[in-house]
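I opened my notebook to look up how this chain is put together. My entries follow in the order I made them.

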Amino acid sequence: MQCDNSQNLLPALEQALDPNPLIIRSDLRLNEAIAQMSQSSDRSPHPSQASPRRASCILAIENSHLAGVLTERDIVRLTAESQNLDDLTVAQVMTRQVVTLKLSDSLDLTDALQLLRRYRIRHLPVVDDRHYPIGIVTTESIRRALQPSNLLKFWSAKDVMSEQVICAPPTASLLSISQLTIEHRVSCAVIAEAHPVLNGEENATQWRPVGIITERDIVQFGLLKLDLANTQAQQVMSAPLVCLSPMDSLWTVQQQMQQLRVRRLVVTGTQGELRGIVTQTSLLQALDPTESYRVIET
């Protein structure tokens, strides 16, 4: 899949910049920081984007400069390791080697996307000359900035969906699901039921999705003090799912994500069987003829 004009369809970096990242001091207790992530809201000056949303990462400062980043995936990793979050501060668990883009640099979205690809990250803080964060570029902020285009309408979900989907049964514990997502470096697990299907002369198993658990969900469950080892996915999963057809256009995908405020959508076949998953990164693939976004985490 290639299109010589695809880069021209990318929004300007300024349009993809979130000017209101969640900034806290690094000595804050971790549980307090997680609570602030949950309460964070979109204060965008654009009315069309002014819908509540949670922060997907924290920018931690020390002595008035950016000192580290803490993401939802970091919190899920700590949860999967059964660490006691009450005993930790942000400084103890944040990533200190932060990839940034300086305000004085050439503000080009292509450069930002290359950094996301090269370092396999989803959050790129933008800092001023004092190394203080003034905004952040994420795969989510880029997706929100995408405008209607013939390319998005021309391509379909099947062109960019990932067929390698991590699944778990409804009876799986939240702890096992968090461990599964960390092991496979993914941001969600699709909760699916196995159905026997006659395939020629052999019996095959067909997985039919009934819900989804995301890393953001796991962060919230931990904040609510749920017993992750003894809580089953079917008790708390997001359901019923709004699923895509493989033939749905990427413009439809973009609209669904925006309306539902989600970062990924499950793709199913005519019998409700699991076919794949489309993430907001998938939408960026459609705009990059080099397909450099394929290595960004889902």
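I checked burial first. Of the 298 residues of the protein, 51% are buried, meaning under 20% relative accessible area with a 1.4 Å probe and protein chains only.

This is a predicted model, where local features need pLDDT of at least 70, side-chain atom pairs count only at pLDDT 80 or more, and totals for chains, interfaces and linings use all residues. Residues are numbered from 1 along each chain as its sequence is written, and side-chain values use heavy atoms, with hydrogens and water left out.

I looked up confidence next. Mean pLDDT (the predictor's confidence in each residue, from 0 to 100) is 85, and 82% of the residues reach 70 or more.

I noted 13 helices and 12 strands. These are DSSP runs numbered from the N terminus: helices are H or I with at least four residues, strands E with at least two.

Then I turned to the cores. A nonpolar core is a set of buried Ala, Val, Leu, Ile, Met, Phe, Trp, Tyr and Cys residues joined through side-chain atoms within 4.5 Å. The largest has 34 residues, and Leu30, Ile177 and Ile213 have the most contacts inside it. Elements giving it two or more residues include helix H2 (30–39), strand S9 (188–199) and helix H10 (215–223). H2 gives the largest share, 4 residues.

What does Ile213 touch, beyond four places in sequence? I listed contacts (heavy atoms within 4.5 Å) with residues including Leu174, Ile177, Phe221 and Met237.

A second, separate core has 30 residues, among them Trp155 and Val160.

Conventions: Buried means under 20% relative accessible area, exposed over 50%, partly exposed in between (1.4 Å probe, protein chains only).
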